[in-house]
Amino acid sequence: MSRLPLVAALAFLASSAAYLVAALRLSPGSVEQPGPGLFPVAVGLLLVASSSAFVFQSLRASSAAAAGPPAEAGKRVTGVLAVLAAFCLFLPWLGYAVTAPGLLVVILRLFGLARWPVVAALAVVATAASYYLFGVLLGVPLPAGVWTR
Amino acid sequence: MSAVEGLVYGFSVALSPSNLLACLAGVVIGTLVGVLPGIGPVGAMALLLPSTFALDPTTALIMLAGIYYGSMYGGSTTSILVNVPGEAASVVTALDGYQMARRGRAGAALAVSAVGSFVAGTLGVLGLILFATLLAEAALGFGPPEYFALTVMGLAVLSRLSGGSLVKAFLMVGLGLALGSVGMEPISGVSRFTFGSVRLSQGIELVPVAMGLFGIAEILSLAETRGGLPRAMSVRLRELLPTRTEWRRATGPIVRGSILGFLVGLIPGPAAVLSTFLSYTVERRAARHPEEFGKGAIEGVAGPESANNGATAGALVPLLALGIPFAPATAVLLGALVIHGIQPGPLLMTQRPEIFWGVAASMYIGNAILLILNLPLIGLFVSVLRLPQYLLLSLVVLLCLVGTYSVNNSLLDLWVLVIMGGLGYLLRKLGFEPAIVILALVLGPMLEKTFRQTLFMARGDWGLILSRPLTLALLLAGLVIVVVPEFCRASRRWRARRAVAVGP
């Protein structure tokens, strides 16, 4: 049995409660003169109510429907997510010219391309092409990293 | 402007070289997106939104709308040839389309769905013009209470229609509204939930959320199933012509599907997907040989394929007439309007006629281009599927990242993209519908503004709502839609339990 629905339900409830608490600290105003807090409090109540109901539902559903992915596939999913997070983290320091090929190498390997020369060539070509398209043609200031400082 | 004058004017706008090019680009990209599993119309539109900054707003909208309806054409191709629906709206097409292909009638199935899409697309534009002009005129008298009630009703219908349980739908509505409440609040300028971040006070952008939930999440789901797609069968041009019997059998479903699709498109929710299921059911009921369904009945291809194109036209009505998007794809279109500084609403048609009429006329042109392009070029589009999956997915990931970054040159947007990607993957696993999040995110600020204006207008006197019959009717309708099915279910369960208790 997968515990995923229940864990997710509890996480939903916790974040909903946190949102509601933060919303309650904003000024609600009055009914005639509504303030910035009124709507978020209403949304927070909706969130807390529906996530509580979801927790209740997942507790009752003993045979959890959502089975996790097979172990190897799950590893691939977490791998992609981890490399995406790493990309965001290192982009400002290492710059696009380093992080983009790095990202591509890992993802191409994760998706099953085994031959290293092909991986490296694709990573370099795709980085150069995307840099030309966005950085040059569209004029997006892609981060250069610490190298230029 | 009368409808005829408007259309003539619209064609003069849409036929300008740059707009024609945008239309062509839009429908070609749309077809590709429809063919490829992994990136759908919403993700693709969000991805290309930033590249339309430099364009004129009309041109931008023409291109993005082209992606939207072009994807409906492309989706059918893979459904029929490889039994892999490129879009959710083509799932039904695979049922009979792939069976037709296995019997050697792939060409006929493709031709009928392209013609059906064309008929539905052109009829849909007529419907769009008719309904949108009427609705916009009526909406000139709408005040904040009407807009508030309309949005509430829309969200209520959305949570009912999006599949899954009501609790899950409400949770998604709440999540979207909560994300939409981050940032500088519109009336008094107070920063909410920003944790002191200046960037966050501008709010959470639509593009990273849409691309995360629909692009990255989709890729993560595909990452589970390693390996390529099955090989598509090839279709020769000569085989494309359906027989006379096939035409005769397809005519009724195409007309019915077009009308049904358009009407379903007007309803908030996943209209295109829903319309295909409805059309399939209707056709099976109406068919003289219902037992053929699932074994390659041409009606089962013609009806749904026409319906999903009709629905895209219908879904544009609330956007262009009221400025309220009720489908995720039109939410992205609204984002495009706002980015170009255009105030969506009932005045759009009179103040910026080139946008409304230009987009409407471009849909005629786009549908014609799609019909011409699709039949001879099907082989080319399908050959895209032969690209190895690792290449396709890595490129989409890179495009999502760079595309998101290019909107605001913001690292925060990248983090939103990645977090939403992970969240979207989990939500799909758990049976939630992420499309609701997008809509609630876009509708949230509108909902809050009209809510507070309504309260302000009422000054504590609830008689205001009673004195506005439309507001009252819409709010009651929303309540009925949410409460009545739950009540019926509960009473059925109670009766069943009693029957068990009393029974022998």
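Biologist: Let's start with T59(B): in which helix does T59(B) lie?

Modeller: T59(B) lies in helix α4 (residues 57-82) of chain B. Helices here are DSSP runs of H or I with at least four residues, strands are E runs of at least two, and both are numbered from the N terminus. Before we go on, this is a predicted model, in which local features need pLDDT of at least 70 and side-chain atom pairs count only at pLDDT 80 or more, while totals for chains, interfaces and linings use all residues. Residues are numbered from 1 along each chain as its sequence is written, chains are lettered from A and ligands numbered from 1 in the order in which they are written, and side-chain values use heavy atoms, with hydrogens and water left out.

Biologist: Thanks! Is T59(B) buried or exposed?

Modeller: Buried means under 20% relative accessible area, exposed means over 50%, and partly exposed is in between (1.4 Å probe, protein chains only). T59(B) has 6% relative accessibility, so T59(B) counts as buried.

Biologist: Which residues is T59(B) in contact with, leaving aside its neighbours within four places in sequence?

Modeller: Contact means heavy atoms within 4.5 Å. On that basis, T59(B) touches S18(B), N19(B) and A22(B).

Biologist: Now helix pairs: at what angle do α2(B) and α4(B) pack?

Modeller: In general, two packed helices are described by the angle between their axes and the distance between the axes. Axes are lines fitted to C-alpha atoms, for helices over the stretch in contact, and angles run from 0 to 180 degrees between N-to-C directions. Helix α2 (residues 17-35) of chain B packs with α4(B) at about 35 degrees, their axes 5 Å apart. Their crossing is right-handed; that is, the near helix is turned clockwise from the far one by less than a right angle, anticlockwise being left-handed.

Biologist: And how do α7(B) and α18(B) pack?

Modeller: Helix α7 (residues 144-161) of chain B and helix α18 (residues 434-458) of chain B make an angle of about 145 degrees, with axes 8 Å apart. This crossing is left-handed. Among the contact residues are F148(B) and L155(B) of α7(B), and L443(B) and F451(B) of α18(B).

Biologist: How many helices and strands does chain B have?

Modeller: Chain B has 20 helices and two strands. Of its 504 residues, 59% count as buried. The C-alpha trace of chain B spans about 75 × 70 × 50 Å along its principal axes. Among contacts in chain B between residues at least 6 apart in sequence, 80% join residues at least 24 apart.
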